[in-house]
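Subject: Structure handover

Hello,

Here is the structure for you to look over. My notes follow below it.

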Amino acid sequence: MVEGNEACTFCADWPSGLEQVESAVFLDEGARRTVHALKYRGWWRVAEPMAHAMRGLAPLRPGAVLVPIPLGSRRHRRRGYNQSERLAAALAALTGLRVNDRLVVRARETRSQTALTPEARRANIAGAFEAAAAAGEQSLVLVDDVFTTGATLLDAARALKQAGAAWVGAVTFARAGM
């Protein structure tokens with residue numbers, strides 16, 4: 001991952017499995033309010049303008065399949081929807097890419113990541129995802145709302161690569177500062 005002519009220092013020690021990640025915006029106060037409206041206030045229609053900001057991101061290459069990050073069943077019941085599925089559906093409408101929300105599943109519930117340190121996030125999410133089906137040499141793009149440490153995306157990518165995915169990238173609406 002390169003920004004301009006400078007290599008990304010965060011990406012220098014990036015584990016293999018997740019090939020490319022891009023976010024549409026940095027998680028400033030306006031983006032934070034938008035994400036919170038989507039996740040916690042039931043404003044799922046805000047996924048459409050979020051997807052407009054995301055539609056030109058490089059991992060959204062022709063023929064790729066969009067894979068939303070699955071929620072734990074308790075959070076899904078509480079919210080009534082999965083924000084990543086809403087983002088993926090809105091991206092699909094804009095890009096013509098297909099969505100497959102059955103390729104990766106939550107193998108176990110995890111606690112909220114919001115107040116955890118980067119090390120605690122990795123420990124909390126490790127092994128939380130499993131491939132539900134063979135990925136079949138496809139190019140897959142994970143879709144999520146916010147990239148913080150990458151722990152969630154890395155674990156989901158690991159599961160998909162183990163299931164035979166040829167390439168796994170990711171897109172998020174926002175990128176939190178480290």
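**What was found**

Buried residues make up 47% of the 178 residues in the chain. Here, buried means under 20% relative accessible area, exposed means over 50%, and partly exposed lies in between (1.4 Å probe, protein chains only).

Two sentences on the ground rules. This is a predicted model, where local features need pLDDT of at least 70, side-chain atom pairs count only at pLDDT 80 or more, and totals for chains, interfaces and linings use all residues. Residues are numbered from 1 along each chain as its sequence is written, and side-chain values use heavy atoms, with hydrogens and water left out.

**Overall**

The chain has six helices and nine strands. These are DSSP runs, numbered from the N terminus: helices are H or I with at least four residues, strands are E with at least two. The accessible surface comes to about 9,100 Å², and 49% of that belongs to carbon and sulfur atoms. Areas come from the Shrake-Rupley method with a 1.4 Å probe; for residues, only the protein chains shown count as cover.

Now the contacts (heavy atoms within 4.5 Å). Take those between residues at least 6 apart in sequence: 78% join residues at least 24 apart.

**Cores**

In soluble globular proteins, nonpolar side chains tend to be buried together. A nonpolar core here is a set of buried Ala, Val, Leu, Ile, Met, Phe, Trp, Tyr and Cys residues joined through side-chain atoms within 4.5 Å.

The largest such core has 28 residues. M54, L60, L66, L91, V143 and V171 have the most contacts inside it. At least two residues each come from α1 (29-40), α2 (47-54), α4 (83-95), β8 (139-147) and β9 (167-175). The biggest contribution is from α4, with five residues. A second, separate core has 22 residues, including V21, F129, A135 and V168.

M54 is worth a look. Leaving aside neighbours within four places in sequence, M54 contacts A24, L60, L87, L91, V143, D144, V171, T172 and F173.

**Two polar residues under cover**

What does the side chain of D144 make a polar contact with? The side chain of S84, at 2.8 Å. A polar contact is a pair of N or O atoms within 3.5 Å; within protein, one must be able to donate a hydrogen and the other to accept it, and residues adjacent in sequence count only if both atoms are side-chain atoms.

D144 lies in strand β8. D144 counts as buried because its relative accessibility is 8%. Beyond four places in sequence, its contacts include M54, I69, Q83, L87, T152 and L153.

T172 is in strand β9. Its relative accessibility is 0%, so T172 counts as buried. The side chain of T172 makes a polar contact with the side chain of S23 at 2.5 Å. The T172 side chain also reaches the backbone oxygen of A174, at 3.0 Å. Among the T172 contacts beyond four places in sequence are E22, S23, A24, M54, L57 and D144.

V25 sits in strand β3 (residues 20-26). With a relative accessible area of 29%, V25 is partly exposed. V25 touches A31, F173, A174 and R175, not counting residues up to four places away in sequence. V25 and M54 are 29 residues apart along the chain, and their C-alpha atoms are separated by 8.5 Å.

A176 and V25 are 151 residues apart in sequence, yet 9.0 Å apart in space, C-alpha to C-alpha. A176 is in the segment after β9. A176 is buried, at 11% relative accessibility.

T149 is in the loop between β8 and α6 (151-162). T149 is buried, at 9% relative accessible area. Its side chain reaches the backbone nitrogen of A151 at 3.3 Å.

**Rings**

Two arginines sit over tryptophan rings. R61 lies over the face of W167, 3.8 Å from the ring centre. The charged end of R86 sits over the ring of W44, 4.1 Å from its centre. The rule: NZ of Lys or CZ of Arg within 6 Å of the ring centre and within 35 degrees of the ring normal.

Best wishes
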